[in-house]
Amino acid sequence: MEDKKKKIMILCGGKFAFPSLQLLAYEKFICGIGIGKGSNMIIDALERESEDSNISFRSFPNKKNISEMRPWIDTIQPDYIFCISFPFLLPETILSYGHEKFINFHPGPLPRYRGVMPIFEVLKNQETETAICAHFMNSKFDEGNIIFNDPITIQKEDTYGKLTVRLSDRLAQVTLNMANMLQFANRIPNQPQDKNLAYYYEKPELSDTYINWKRMTAGEIIALINACNPWNTGADATLLGEQVKIIIASILDEPHNNQPGTIVSITDTINIACEDNKQIAITILSTDEGIMTANQFSSSKNLALKINY
């Protein structure tokens, strides 16, 4: 007689969890889905899919609704609860449902990249590798014992959007592997996080997304631009005294004799001087008039007439 599969409840925050939800539902692991916040469109889609699959569904739009979670969990009696980008901290009243029953899947390596947006931070910091970290949950964000870090190489052209999609797709296999492991393991090996390596990143503010032409190298600027695309519609910057967002740019390894932040030349790109004697070549940017190419921006400002070649 085949052993009955252990039941898994998923608490999520939106689209990032969709590939995992689809795969775990297909493999008949999921007994309940809860979403925190989320757009009406996403909530409606999850609710319809849950009804069609006979899976219990609940929405927790704000912190006040978290008090409704424990009775729901007690009714369903899941064996484990997976959290994937769930936006709210779970209090002890919920975590007391069971020791080592709550597993979070953090889209960044722990303990070095605690916080709400590790994908932004690893790109901004020019890391060559990130990870999906599976860890048990406690009453503090991202501080529970680590089960494993599943490493993922960061590719040279990765933006926030590209890396997020790859992590989301990889996460589906990671959560399935975890679900399969839980079918046979009486206890999951884990270890406390090294507090000496721990760092918690707050949600990025304007000071984190702003290009400082005088202090940032070309590589740092490109990394920031990629880390801000698309969630912040690019990196914030001042260009010709105007506040813009640079969406797509590349490094132009050509020396110059200009102050950082100066427009050096205009070709198909707007080429800006950087402090390390390199330039960045802007291809796409966003202004108050809308998203446009470098050529469109140049034409609108008559830049070609103002630059001395």
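First, the ground rules. This is a predicted model, in which local features need pLDDT of at least 70 and side-chain atom pairs count only at pLDDT 80 or more, while totals for chains, interfaces and linings use all residues. Residues are numbered from 1 along each chain as its sequence is written, and side-chain values use heavy atoms, with hydrogens and water left out.

I start with helix H1, residues 18–26. Helices here are DSSP runs of H or I with at least four residues, strands are runs of E with at least two, and both are numbered from the N terminus. Which residues of H1 are buried? They are Pro19, Ser20, Leu21 and Leu24. Buried means under 20% relative accessible area, with a 1.4 Å probe and protein chains only. These residues pack against strands S1 (8–12), S2 (30–36) and S4 (80–84), and against helices H2 (40–52) and H6 (160–182). Contact means heavy atoms within 4.5 Å. After H1 comes Lys28, with a positive phi near 65°.

Next is helix H3, residues 69–76, where Met69, Trp72, Ile73 and Ile76 are buried. Why are they on the same side of H3? Because they cover an arc of only 100° around the axis, the arc being that of the directions from the helix axis to the C-beta atoms. In general, an α-helix has 3.6 residues a turn, so residues three or four places apart point the same way. The buried residues of H3 pack against several elements, including S1, S2, strand S3 (56–60) and helix H4 (92–95). Just after H3, Gln77 has a positive phi of about 60°.

Now the pockets. A pocket is an open set of points on a 1 Å grid over the protein atoms alone, where a 1.4 Å probe fits, with protein on both sides within 12 Å along at least five of seven lines; lining residues have an atom within 4 Å of a point.

The largest pocket has 41 lining residues, and Ser85, Phe86, Pro87, Val116 and Met117 lie nearest its centre. Strand S5 (102–106), helix H5 (118–124), strand S7 (129–136) and H6 each supply at least two residues of this lining.

The second largest pocket is lined by 21 residues, with Lys156, Glu157, Asp158, Ile222 and Asn226 nearest its centre. Helix H8 (218–227) and strand S11 (242–252) are the elements giving two or more residues to this lining. S11 gives the most, with five residues.

Conventions:
Buried means under 20% relative accessible area, exposed over 50%, partly exposed in between (1.4 Å probe, protein chains only).
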